Amino acid sequence: SAIDMIRSDRVPALSGFVDFTAGGSGTFEDPRYDVRGTVRDFYVADEGLGQVIGTLSLVGQTLTVRLEAASPRLAVSGSGQILLTPYMRAEMTFNVSDTSLDPYLRVFQTDLPPYTTAVASGSIRVVGPLANLDELVVEASVDSLDVRLLDYRLRNEVPIKAALERHALRVADMRLVGDRTELT
């Protein structure tokens, strides 16, 4: 069946076709459920994510999540757990491989120049309560980054290490190189 998520000024439109199976057992106090699904032709605004395959497994108050998204410009996999308590403590890891970032950045930054491209590989780790962004930590390791601005190219020389914590972005290591350019 088709999905067309509710539109909002803060969240881009999400759409696609979903197929899923669900099953479970247990009591309301100790539930056990599994949901396996596939979203075909999944779009964020006008940018396609391709096919997204995922599983959600609930045992008690622990939700285990696994997902993979793939298209010619995107390869993302993720897994982790979320405690379904008021604070929603999470520990999730996402891996990105040779993924074009620029089409998805344009969804949020519409004035990004059309000849700008960015391809990256790396990982993102999210740890902490989803209900309290002040305590949530997001760590990123960008193993490879290739940015092109018109005919100018920048790439990372070493993995970029960054973390978002308490509303502040901390870059621990970053070395970008290009033609007669080095940024540290």
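Leaving aside its neighbours within four places in sequence, which residues is V76 in contact with? The legends below take this up with other close-ups.

This is a predicted model, in which local features need pLDDT of at least 70, side-chain atom pairs count only at pLDDT 80 or more, and totals for chains, interfaces and linings use all residues. Residues are numbered from 1 along each chain as its sequence is written, and side-chain values use heavy atoms, with hydrogens and water left out.

**View 1. V76 in strand β6.** V76 is found in β6, residues 74-83. Strands (E, at least two residues) and helices (H or I, at least four) are DSSP runs, numbered from the N terminus. Beyond four places in sequence, V76 is in contact with L67, E68, A69, N95 and V96. Contact means heavy atoms within 4.5 Å. C-alpha to C-alpha, V76 and F94 are 6.8 Å apart in space, and 18 residues apart in sequence.

View 2. Strands pair if DSSP finds at least two bridges between them. β2 (residues 14-26) and β3 (residues 31-44) run antiparallel, joined by twelve bridges. Their hairpin goes through four residues. β3 also runs antiparallel to β4 (residues 47-59), with eleven bridges.

**View 3. Y33 and the β3-β4 hairpin.** Y33 in β3 is the bridge partner of G24. In β4, the bridge partner of Y33 is L58. The hairpin of β3 and β4 has two residues between the strands, and A45 takes a positive phi near 55° there.

**View 4. D102 in helix α1.** D102 lies in α1, residues 102-108. D102 counts as buried because its relative accessibility is 9%. Buried means under 20% relative accessible area, exposed over 50%, partly exposed in between (1.4 Å probe, protein chains only). Beyond four places in sequence, D102 is in contact with L112, T116, T117 and A118.
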